[in-house]
Amino acid sequence: MAKQTKTIHSKALLAKARAMRKRAYAPYSKYTVGAALLGKSGKVYLGCNVENASYGLAICAERNAVAQAVAAGEREFDAIAISASGPAPVPPCGMCRQTLAEFMPPETPVFSENHHGKQAHWTVGELLPYAFTKRFF
Ligand code: THU
């Protein structure tokens, strides 16, 4: 993927998440999610949800995107965008909040949109105050 500028607009990041949603493998929930994670390098890492016949094995789009980034060698991020269906823009699940808190400082923005383009945004710290992190070790 071509290098993106660091100042990528939330709209552009959401557009990437929306496009990635089409790759979701969600035959059980039918709830498709795409995520786009902006690395400090300016590169964008993408993830979709991947479900399994053994339901508990589902991986969320957000954690998939983080895994893609870490596997590519990037561990610091400026923002994440999420696109999903449903009546309201989805915030990341609890497990994903913990994963985001591992790699993103509390002020990092989380942008979200539903399939009608309705948008919301939070920070990682708002979504998971008092996160358990390596600072406690
Ligand atoms: N899911 C995500 O990918 N991200 C979220 O933020 C919420 C939930 C996925 C997991 C599962 O494949 C489906 O949505 C329904 O829970």
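Which strands does helix H2 lie across? Let me take that first. Helix H2, residues 61–72, lies across E1, E2 and strand E3. Strand E3 covers residues 77–84. Against E2, the helix runs at about 140 degrees. One caution before I go on: this is a predicted model.

Now the sheet. It is open, with five strands. The order reads E2-E1-E3-E4-E5. Pairing is mixed. Which strands stand at the edges? They are E2, residues 44–48, and E5, residues 119–123. Each has a single partner strand, so one side of each is left without a neighbour in the sheet. From one strand to the next, the twist averages 15 degrees.

Let me walk through two of the pairings. Start with E1, residues 33–39. E1 and E2 pair in the antiparallel sense, over five bridges.

Next, E4 and E5. Strand E4 spans residues 109–113. E4 and E5 run antiparallel, joined by five bridges. Here Phe111 stands opposite His121 in E5. These two strands form a hairpin, with five residues between them. In that hairpin, Gly117 takes a positive phi, near 85 degrees. As a reminder on strands, side chains in a regular strand alternate between the two faces of the sheet.

For Glu51, an N or O atom in the side chain is 2.5 Å from an oxygen atom of the ligand. For Asn49, a side-chain N or O atom is 2.9 Å from a ligand oxygen. Ala61 uses its backbone: an N or O atom there lies 2.9 Å from an oxygen atom of the ligand. And how much of the ligand is covered? Taken alone, the ligand exposes 380 Å², and the protein buries 79% of that.

One link back to the start. Questions, please.

Technical notes
Residues are numbered from 1 along each chain as its sequence is written. This is a predicted model: local features need pLDDT of at least 70, side-chain atom pairs count only at pLDDT 80 or more; totals for chains, interfaces and linings use all residues. Side-chain values use heavy atoms; hydrogens and water are left out. Two strands pair if DSSP finds at least two bridges between them. Helices (H or I, at least four residues) and strands (E, at least two) are DSSP runs, numbered from the N terminus. Axes are lines fitted to C-alpha atoms, for helices over the stretch in contact, and angles run from 0 to 180 degrees between N-to-C directions. Contact means heavy atoms within 4.5 Å. A polar contact is a pair of N or O atoms within 3.5 Å; within protein, one must be able to donate a hydrogen and the other to accept it, and residues adjacent in sequence count only if both atoms are side-chain atoms. Accessible areas come from the Shrake-Rupley method with a 1.4 Å probe; for residues, only the protein chains shown count as cover.
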